[in-house]
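Open the model in your viewer and keep the selection panel at hand. The tour goes stop by stop.

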Amino acid sequence: MADRNNEWKKEEDDEADQEIDETSYKAQKDAILLAIEVSESMLTPPPASDSKKADRDSPVQAALKCAYHLMEQRIISNPKDMMGILLFGTEKSKFHDDGSGRGGLGYPHCYLFIDLDVPAADEVRALKTLVEEGEDDDEVLKPTGETVSMSNVLFCANQIFTTKAANFGSRRLFIVTDNDDPHASDKAARSAAAVRAKDLYDLGVTIDLFPITRGDSTFQVDKFYDDIIYQDPVSGEANTTEVRSSKSGDGLSLLNSLISNVNSKQTAKRALFSNLPFEIAPGLRISVKGYNVVHRQTPARTCYIWLDGEKPQIASGETTRIAEDSARTVEKQEIKKAYKFGGEYVYFTPEEQKKLRDFGSPIIRIIGFKPRKALPVWASVKKSTFIFPSEEDYVGSTRVYTALWQKLLRDEKMGIAWCITRANAQPVLAAILPSKEQSDEDCATPYLPSGLWIYPLPFVDDLRDINPPGKLAKSSNELTDQMRTIVRQLQLPKAMYNPTKYPNPSLQWHYRILQALALEEEVPEKAEDATLPKFKAISKRAGGYLEDWSETLEQEATQAQQARAIKRDPEDGLHERPAKRSRAGSEKPSGAGLGMPQLKEAVESGSITKMTVAQLKDVLAAKGLSTSGRKMDLVERVEQWVEENT
């Protein structure tokens, strides 16, 4: 593979800070179109059952309820994302309304129930009316007796994405159906559908399938949908993905199964960087993409709105810089960045700043290999980035990537790499770690993709000196053995923590309140919290062991206290302890009484940094200056005042 001088695929921002703001990648807009089949089988409810947990929704009802659940979440958590619902197999047809009533003639048996757009509260209420109250006055959910062309459905989806979400970074089509072979005897229709699916793929649209099954039946993807669904970019040779079916039956909720499957894919896989050169050895390069698989989720950012117009509008803010002496507006090109060093300000032009940040073109370069066990636990200072091969720049990248991944796994090795993942980013040293197959029994993280990860390593500047604690009392072997039994009794399933089962309760409660207010629903009284301990189960499994451990601990604690009392010298109690020094005598003088000579001497000697925050605020208040900010801000303000008034 020849070395190619690739242009960096990300937009370069000359003024960008060195630290990457990953929220910008998280904020990339996403468009989801749910295509739900309406057929006799999809409208048939499950058999009646006396079980309270039995499913009572037809697949179409469950799919619409799932869409409602997803839409009411996204209207709050992802306010800029788009979502739409396309029903196919309906007797009626409807596309974009053009006022002539002929909007659906081009796409027979395709009914655009909710157009692809940012979900509005009115649309959510209309969907709620359909799924909860069952009001279908327009007979939208009436199936056709004719064969529905899947190529027509996919072409309709293509037009929707092209017209409504042309510039979105993530566009996805979710297909919900129970028919695994819609064109069993029509090869021409199958070929036409495959061509339309390829058109969607070329457009950048990802197709995800959510099959519905009943009882012991199976959904055979290889009959038709193998040619429709293209492989996930974060899967491949290193990741074998399977299509999970949503099952209906006694004791199983089709709705919950469908919501679980949709939620697992509702967050788009957004690349942190694309087609980055990965140099394994001199002259041997492949290209990779980086994915931010784990990201701390926070509530959607608040915004200000203007209410005096016909409808509320978001108020956007602008920053204007004004010169202190003349009050004139200062343009961006007039400003220079300055850093304080030794009491002086060092100025840099934008060109000089760019040179300071330039450590070469973005690249991941392996500089050596070490045993995996040489990596200490404390070296985890930042979260890892998942990398996966891209064939766009170097053909054969996937094969080389897979060979390296398997070799590192087999020999329990790790790569040490020099990484610059983005233009203007600071270089980091990182370990290249392989993760095991998700199907591997020894895999501790089956919810994460298998492949290679960039694991940032700390520099010497990141390490801090820690004073180790003094001599501590250690538990006896008996106490340790008892606790070991308790831990074994209370282990999580498969002895691992799976984050997909534990939503953030504070985040969910925040969204639930906003959702209730936005959709004019009743405000819930209590938040759902899956992290609360199951006290009854804990007591049943380990209650007796915990009581025994508590008794043993109390006995050992009493013995330890008695042993310390015996070791004390009896004569120590006869000597009087030295009287404590009065704190009043050691109090530092107020900063308000310091004059110019004292302040100047403090600044020059550097002792001003030893003054307390209260003293610094006294000095600033006495000079009529602002007292807000951190200690270093206060010190800098005092130094600047002394410098200006000397």
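Which handedness does the crossing of α15 and α16 have? It is left-handed, meaning that the near helix is turned anticlockwise from the far one by less than a right angle.

Before selecting anything, note the ground rules. This is a predicted model, where local features need pLDDT of at least 70 and side-chain atom pairs count only at pLDDT 80 or more, while totals for chains, interfaces and linings use all residues. Residues are numbered from 1 along each chain as its sequence is written, and side-chain values use heavy atoms, with hydrogens and water left out.

**Stop 1: the helix pair**

Select residues 613-622 for helix α15 and 631-645 for helix α16. Helices are DSSP runs of H or I with at least four residues, strands are runs of E with at least two, and both are numbered from the N terminus. The two axes come within 10 Å and cross at roughly 35°. Axes here are lines fitted to C-alpha atoms, for helices over the stretch in contact, and angles run from 0 to 180 degrees between N-to-C directions.

Now show the side chains. On α15 the contact uses Val-613, Leu-616, Lys-617, Val-619 and Leu-620; on α16 it uses Lys-631, Leu-634, Val-635, Arg-637 and Val-638. Contact means heavy atoms within 4.5 Å. Seven of these contact residues are nonpolar, none polar and three charged. In this scheme Ala, Val, Leu, Ile, Met, Phe, Trp, Tyr, Cys and Pro count as nonpolar, Asp, Glu, Lys and Arg as charged, and the others, Gly among them, as polar.

**Stop 2: the barrel**

Switch to cartoon view. Seven strands form a closed barrel in the order β7-β8-β16-β19-β18-β17-β15, with mixed pairing. Strands pair if DSSP finds at least two bridges between them. Neighbouring strands are turned by 40° against each other on average, direction ignored.

Select β16 (385-390) and β19 (452-456): they pair antiparallel over three bridges. Thr-385 has Ile-454 in β19 as its bridge partner.

**Stop 3: strand β17**

Select 413-420. Six of the eight residues of β17 are buried; buried means under 20% relative accessible area, exposed over 50%, partly exposed in between (1.4 Å probe, protein chains only).

**Stop 4: aromatic rings**

How many aromatic pairs does the structure hold? There are 10. Rings of Phe, Tyr and Trp (its six-membered ring) pair if their centres lie within 6.5 Å; planes under 30 degrees apart are stacked, over 60 edge-to-face and the rest tilted.

Zoom to Phe-95 and Tyr-107. Their centres are 4.7 Å apart and their planes stand at 55°, so this pair is tilted. Both residues lie in the loop between β2 (82-88) and β3 (110-117), so the pair ties together parts 12 residues apart in sequence. Phe-95 is buried at 12% relative accessibility, and Tyr-107 is buried at 10%.

Then pick Tyr-497 and Tyr-502. With centres 5.5 Å apart and planes at 15°, the pair is stacked. Tyr-497 is partly exposed at 48%, and Tyr-502 is partly exposed at 26%.

Finish with Phe-386, Phe-388, Tyr-401 and Trp-453, which form one aromatic cluster.
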